Amino acid sequence: MNEREPKPEIKKGLKNVYIDKTKSSFIDGKQGKLIYRGYNIHDLASKSTFEEIVYLLINGDLPDKEELNKIDLELKSNRQINKEILSVIQSMKNSHPMDVLRTCMSLLSASDSNPDDISIENAKRIGFRITAILPTIVATHHRLRNGQQPIQPNDQLTHAENFLYMLSGEIPDPRDAKLIDKDLILHAEHGVNASSFAARVAASTRADFYSSMTAAISTLKGPLHGGAAEGVMKITLEIGNEENASDYVAKVRQSGGRVMGFGHAVYKVEDPRARHLREGSKRLAEKLGQPQWFQILSKVEDHMQPYAERGICVNVDFWSESVYYLLGIPEDLFIPIFALARVPGYVVQVLEQQDGNMLI
């Protein structure tokens, strides 16, 4: 480098670097706000369904009744997997679910009649297809690795109900399915995070849509991103009793460690998504005769309150993990569920990258 030239400013991790404008979501980390397409996450989590959120993110506004029926049919008609994908899942049944999801994500392009068309309409079509079929891939792998036969999708069930049905083979309690539906809504979009950025980088090269999605899912697996979703129930089991929560928190904090489920790269106050699964976790724990898990988590949250002034606040994983655990969902499916939820967010990020694209 010429000594007269100014030295470039290095932005490690691209922190505080803005690459584009977006209409997909708005995040205010200081005030704890999350907005999807102009709608507050509190309203969406309380009043909407995941199917509505899929339409909202990809098309830009909430659907009317006719549009909702159309997207519902679109998703239901795309849930089936073919023999080739089933064969690959069988051959990988002992692999981590995210490895299976990544491989099948790439393989989906082989059964698409028009995978290379990166037009907006084709990208939306593929986005709906991926949203619909990934739960079937995750559930099929889960059953095969446990020596069980895969369950065919049930087109009489909602997106969330069908996922739980394909995992267990039993029609779920509507209240349990509603919790998963709400969880999917809360994870559907969150700006240009690591995996969304990976999707944008791939899209900026004019790569096909499946390549962009594969890049996103590959990135999501990392323990500093989606992999961080694992861990809350581990500490709950370690604490064992609500009376031990205070000592546990004090010990971890004094040693400089992190209490899982607290702190966020963006939010300096409570993650606005966290509250929406708290009551559901309590109800589920009581229903299953395991109220101790909710009691332990509540005590941990209470004892972490003094650290909120430092920006170490409860995040969305804290209560979502307890819901997964109480529903009998194994820990290594937590990140795949994150992926299932985030597909609509990836779709809109890719669409925005393609609009006025510049190579990253």
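**Figure 1. The second largest cavity of the predicted model.** This cavity has a volume of about 30 Å³, and the structure holds 2 cavities of 30 Å³ or more. Its lining is formed by Pro97, Val100, Leu101, Ile137, Val138 and His141. Helices α5 (97-107) and α6 (120-145) each contribute at least two residues to this lining. Classified by residue type, the lining of the second largest cavity comprises 5 nonpolar residues and 1 polar residue, with no charged residues.

**Figure 2. The largest pocket and the residues about its centre.**

**Figure 3. Secondary-structure elements and residue classes in the lining of the largest pocket.** At least two lining residues are supplied by each of β1 (25-28), α9 (194-204), α15 (316-326) and α16 (334-354). Strand β1 provides the largest share of the lining, 4 residues. The lining of the largest pocket divides by class into 20 nonpolar, 16 polar and 10 charged residues.

**Figure 4. The second largest pocket and its lining.** The volume of the second largest pocket is about 280 Å³. Among the 14 residues that line this pocket, Leu164, Ser168, Glu170, Pro172 and Leu327 lie nearest its centre. Helix α7 (residues 159-168) accounts for the largest share of the lining, 3 residues. In terms of class, the lining of the second largest pocket contains 7 nonpolar, 3 polar and 4 charged residues.

Methods. Residues numbered from 1 in each chain as written. Predicted model: local features only at pLDDT ≥ 70, side-chain atom pairs only at ≥ 80, totals over all residues. Heavy atoms only, no water. 1 Å grid on protein atoms, 1.4 Å probe; cavity = no way out; pocket = protein on both sides within 12 Å on 5 of 7 lines; lining within 4 Å. Points joined across faces, edges and corners; volume = space filled by probe spheres on them. Nonpolar A, V, L, I, M, F, W, Y, C, P; charged D, E, K, R; others polar.
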